[in-house]
Amino acid sequence: MNHHIPSKLLRIAAVFFMAMIAITACEYETIEIDELDPDEVLSFSGDIIPIFEKSCTSCHRPGSTSPDLTADNAYNSIVPNLIDLENPENSTIYNTPNPSSGGHAFQKYTQAEAAQVLQWIKQGAENN
Ligand code: HEC
C-alpha cells in the first residue's frame, strides 16, 4: 500500500478546510457590519468621511457638484442644511443616495453605509 497518496490528500483536505474557515470568517464579518450596534458611537471623521471618499467625492468635490463632500468641507456642507435632527430619516444626506430611494441614480450608499449615516445623524450629527 502506498502511504504517500493518503497523506497528500489529507494535506489538500486541510488546506481546503482552512480556506473554508477563512471564507466563513469573512462572511461573518460582513454580517457584523450590517447589524450595526446602536450603542456604538460613530465618528464623522472615522466612519462617515471614508464612505464619502470611497463613493462620492469623484463628483462631490470643490468646484463640482454640490454638496462638497471632501474631508475638509463635508461637515459644513451638510450640517445643518442636509440634516434633519428631528426626523433623521428625512435628512437629505441620508435619503438622497439611499439604496431604497428612487432618485440619485449616480451612486448610492450600500445598506451598511446608509445605516451608519443614519446612526451618526441620530447621535446628533456631530463633528467628531
Ligand atoms: C457620478 C457623480 C455622483 C456621484 C458619484 C455621487 N453623486 Fe450625489 N449628486 C450628483 C449630482 C449630479 C447631483 C445633483 C442632481 C440630483 O440631485 O439628481 C447630486 C445630488 C446629491 C445630493 C442632493 C443635494 C441637495 O442639495 O439636494 C446629495 C445629498 C448627494 N448627491 C449625496 C451623494 C453621496 C452621499 C454620494 C456618495 C454615496 C454621492 N452623492 C455620489 C452626482 C453624484
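How many nonpolar, polar and charged residues does the shell around the ligand have, by class? In this predicted model, the shell holds 9 nonpolar and 8 polar residues and no charged ones.

View 1. The ligand takes up the space of the largest pocket. Around the ligand are 17 residues, of which Cys56, Cys59, His60, His104 and Tyr109 come nearest. A nitrogen atom of the ligand is 2.7 Å from an N or O atom in the side chain of His60. For the side chain of His104, the corresponding distance from a nitrogen atom of the ligand to an N or O atom is 2.8 Å.

View 2. His60 belongs to the loop between helix H2 (44-55) and helix H3 (74-78), and His104 to the loop between helix H4 (92-95) and helix H5 (111-122), so the pair ties together parts that are 44 residues apart in sequence. For six octahedral donors, the ideal angles at a metal are 90 or 180 degrees.

**View 3. Backbone geometry in the loops.** Most residues other than glycine have a negative phi, and most peptide bonds are trans. His104, in the loop between H4 and H5, has a positive phi, near 45°. The peptide bond from Ser66 to Pro67 is cis, with omega near 0°; Pro67 is placed in the loop between H2 and H3. A cis peptide bond also leads from Val79 to Pro80, with omega near 5°, and Pro80 lies in the loop between H3 and H4.

How values were computed:
Residues are numbered from 1 along each chain as its sequence is written. This is a predicted model: local features need pLDDT of at least 70, side-chain atom pairs count only at pLDDT 80 or more; totals for chains, interfaces and linings use all residues. Side-chain values use heavy atoms; hydrogens and water are left out. A residue is near a molecule or strand if one of its heavy atoms lies within 4 Å of it. A polar contact is a pair of N or O atoms within 3.5 Å; within protein, one must be able to donate a hydrogen and the other to accept it, and residues adjacent in sequence count only if both atoms are side-chain atoms. On a 1 Å grid over the protein atoms alone, a cavity is a set of points where a 1.4 Å probe fits but cannot get out, and a pocket is an open set with protein on both sides within 12 Å along at least five of seven lines; lining residues have an atom within 4 Å of a point. A molecule sits in a cavity or pocket if more than half of its atoms lie within 2 Å of its grid points. Ala, Val, Leu, Ile, Met, Phe, Trp, Tyr, Cys and Pro count as nonpolar, Asp, Glu, Lys and Arg as charged, and the others, Gly among them, as polar. Helices (H or I, at least four residues) and strands (E, at least two) are DSSP runs, numbered from the N terminus.
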